[in-house]
Amino acid sequence: MGADVQKVVLLAGGVGGARMAEGLMRALPERALTVVVNVGDDDTFYGLLVCPDIDTILYTLSDRIDRGQGWGVANDTVNGLNVLRDLGAPVWMKLGDADFGLHIWRNWRMSQGASLSEVTEECATRFGIKARILPATDDPVRTRLMTEKGLLDFQNWFVGERCQPAVREISYAGSEEAAASPQALAAIREADLIVFAPSNPLLSLEPLLSVKALREAVASSHAPRIGVSPLIGGKAVKGPLDKLLADLGQPGGAAGVAACYEGLIDGFLVDSGDVNDIAAIEAAGIRVHATDILMRDPAGAERLARELIGFAQGVGAPAPGVRA
């Protein structure tokens with residue numbers, strides 16, 4: 001990359017984060033994008049560390065993703081899971097055979113002494129991805145939800161219980177002790193644009209921002225910091241965000257999401273149908289751009305990424321150059 005090429009950091013998790021990453025990777029020069037990913041969803045199954053948000057981004061940016069469901073590997077089989085079922089193991093977490101291959105490799109490499117950051121970067125390189133992918137921390141941070149059925153780990157609530165038990169409180173176990181990834185901190189310090197993906201702010205981005213040094217790095221950055229709403233018409237494009245905000249008694253809509261990032265963003269993209277939220281967001285000193293934020297396919301994600309970059313140019317420091 002030439003010295004004049006700018007650097008972008010995307011804070012991401014979930015399907016919305018993966019689609020935003022794909023759009024930015026298509027719009028930017030090679031290696032201009034670094035994706036800092038949530039690890040709060042990580043869990044252990046059958047003795048293997050599984051990193052759903054990291055994996056979804058790896059699969060999406062390497063075009064392995066099952067685009068119909070937004071996660072997992074396209075055309076994957078479940079022979080391994082069927083054997084586990086026959087043996088009496090709990091199989092509520094769907095893990096395909098290709099999934100198992102990645103999980104086994106990750107755990108094998110980590111057993112050799114590699115960190116999660118090192119393993120993730122190695123996987124991205126081997127998958128031919130033209131962007132850096134970094135976990136927010138190499139330390140365990142686990143999202144836990146106090147619900148009407150008691151305390152549940154994220155995957156138990158999200159997959160096992162299908163998001164049904166009402167949530168009373170969310171915590172991010174381990175975040176106070178966790179050290180931010182040095183690579184992620186360096187990327188944030190060097191960034192010319194920081195993007196908050198249209199991810200669930202409470203389940204995908206707050207676990208990441210709960211790591212103190214990482215939050216401080218974002219808060220002190222002089223780069224434009226632009227968020228993208230994950231809601232259209234007050235409803236989540238994918239996932240339980242609108243229900244979760246209601247359960248917790250927090251403000252809904254795009255304005256409620258923007259409020260989650262108070263002091264951390266300078267601009268916010270909302271859907272054209274959510275113009276009623278603009279005044280409340282702007283009252284907090286955040287500039288707003290209304291557009292079609294639905295990323296229907298990779299081309300649509302690239303269109304949104306280019307529009308975001310153009311908006312960022314008017315918000316603060318010069319935003320990244322885009323390939324012609």
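Modeller: The largest pocket holds about 1000 Å³ of space, where a pocket is, on a 1 Å grid over the protein atoms alone, an open set of points at which a 1.4 Å probe fits, with protein on both sides within 12 Å along at least five of seven lines, and a volume is the space filled by probe spheres set on points that are joined across faces, edges and corners. Its lining comprises 44 residues, of which Gly14, Val15, Trp71, Phe158 and Lys238 are the closest to the centre, a residue being counted as lining when it has an atom within 4 Å of a point. Two or more lining residues come from each of α1 (14–27), α2 (52–61), α4 (97–111), α6 (154–160) and α8 (201–209), these helices being DSSP runs (H or I, at least four residues) numbered from the N terminus. By class, the lining of the largest pocket has 23 nonpolar, 13 polar and eight charged residues, with Ala, Val, Leu, Ile, Met, Phe, Trp, Tyr, Cys and Pro taken as nonpolar, Asp, Glu, Lys and Arg as charged, and the others, Gly among them, as polar.

This is a predicted model, in which local features need pLDDT of at least 70 and side-chain atom pairs count only at pLDDT 80 or more, while totals for chains, interfaces and linings use all residues. Residues are numbered from 1 along each chain as its sequence is written, and side-chain values use heavy atoms, with hydrogens and water left out.

For context, the second largest pocket has a volume of about 170 Å³, and α1 provides the largest share of its lining, four residues.
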